[in-house]
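Reader: I have a model open and want to go through it with you. Can we start with the overall picture and then go into detail?

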Amino acid sequence: MNITINTKDGVPIYRQIANQIRYMVASKLLKPGEEISPVRTLALALNVTPNTVVKAYDELAAAGVIFKRRGAGTYISDEQSPLADRERQRIIEARIDTLLAEAHQLDFNAEDLLDLVRERQLQLDAKKQTEKTAAENLDE
Amino acid sequence: MSELVVEVNNLSRSFGKTKALDCVDFQASRGKVYGLVGANGAGKTTLIKHMLGLMRAKSGTVRIFGEDPVQNPQGVLKHIGYLSEDRDIPDWMSIDELMRYTGAYHSSWDQGYADELLETFTLDPNKKISSLSRGMRAQVALISAISHRPDLLILDEPSSGLDAVVRKDILNAVVRTISEEGRTVIFSSHLLDEVERLSDHVTMIHNGRVTLDSSLELINNSYHYSSIRFENTQTTAPELTDAVIVSGDGRFWSVIHHGSVEPFHDSIENLRGEIVESRNATLEEVFVSRASRRNGSHPIATEVGK
């Protein structure tokens, strides 16, 4: 698993681990039934105390994201869908909150922001289209 | 799991006029990792030396596994692995000789484990200790401190003066030790990133006094950083509820605050300020805020930057 720890933003390490696993589940990088790294392996890979990984896994297990098979590893839960939806919602909401706060600082209101998001999407689509055409021309 | 491995009560120690330790209380329970942080000369090493029985408590008591390390050194030391700050291992021995020498002192010495670690660190057992680099020396000292699989591992600045690669190896070996059920680790460091990664509990020592002693989780959740913009220029540091450190100038101020946020937010509103950014404080910010409290009895200290 690809987890990175940042000690510069004040988020507890166990929470960073739990959040990144939630994110990987919500974005289907980790699939239902898939086994995740054992506590010790992850602790060694991240150089954090195993107690921290245990805490992250306990939190995820309590939330139903993962489950432990006694003596046989830790797995991503099968029934993800309602939870994964809630998780996707939570992740995107956190991003929106940040965006709104920043927009407020720069004197944009929510309406301006919506317009900008739509406009930006059109630009990105157009760019993708141009690239696709260019690639097709190259193929010929 | 609440079994106390280390109990230090009301320990004081002076060197001449300097108070190295001033009424220090410290407890460590089984299976946890304790980070001991503080500036150079804060008293970390002095505290560690008392735990090892290398110094006798002049006032106060020290109990390790319920015993006095000065009264019963053998009984206590056989359960302890210790990596000193100066990695004082004999220069004239070869690595192999040191392993056999240290092993002879410990009935629980695990040569297989020592060999495995030597291999991990790619150390040649025939090499003389005097010929080793600083990093290799630290690795050898660590191996001799953990190969008897101690119940309590005490590391004094385990990674100071080491490059990033060796440091990672050393920390990895420490994590491995920790992950063995029931082992307790106490390590001092001024690398707060390392302390945050490895510890369950953080004890900060400043001028011989314990200024903070709490689980890492509680520290993370109870200290916050906020950056604030005021409507009007503030000529002096704004008086904010529960603020520990206030720095900045003009309309923009950064604050480390402690405790619940509502009273803090109210006090900002009263001064017609607005929070621009807010998050949990990093361990480094907490450390700086605790170290700069000039007097422990003042609940609010203000420190104006620049």
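Reader: What percentage of the residues of chain B count as buried?

Author: Of the 306 residues of chain B, 40% count as buried. A residue is buried if 20 or more other C-beta atoms, placed from the backbone, lie within 10 Å of its own, exposed if 12 or fewer, and partly exposed in between. This is a predicted model, where local features need pLDDT of at least 70 and side-chain atom pairs count only at pLDDT 80 or more, while totals for chains, interfaces and linings use all residues. Residues are numbered from 1 along each chain as its sequence is written, and chains are lettered from A and ligands numbered from 1 in the order in which they are written.

Reader: How many helices and strands does chain B have?

Author: Chain B has 10 helices and 12 strands. These are DSSP runs numbered from the N terminus (helices: H or I, at least four residues; strands: E, at least two).

Reader: Take strand E6 of chain B. Is it mostly covered or uncovered?

Author: Mostly covered: E6(B), residues 152-156, has 5 of its 5 residues buried. Leu152(B), Ile154(B) and Asp156(B) lie on one side, Leu153(B) and Leu155(B) on the other.

Reader: Why two sides?

Author: Because side chains in a regular strand alternate between the two faces of the sheet.

Reader: Which strands pair with E6(B)?

Author: Strand E5(B), residues 80-83, pairs with E6(B) in the parallel sense over 4 bridges, and E7(B), residues 184-188, runs parallel to E6(B) with 5 bridges. Pairing requires at least two DSSP bridges between the strands. Tyr82(B) is opposite Ile154(B), and Leu152(B) is opposite Thr184(B).

Reader: What do E6(B), H6(B) and E7(B) make?

Author: A right-handed β-α-β unit. Right-handed means that, with the strands pointing away from the viewer, the path from the first strand over the helix to the second runs clockwise.
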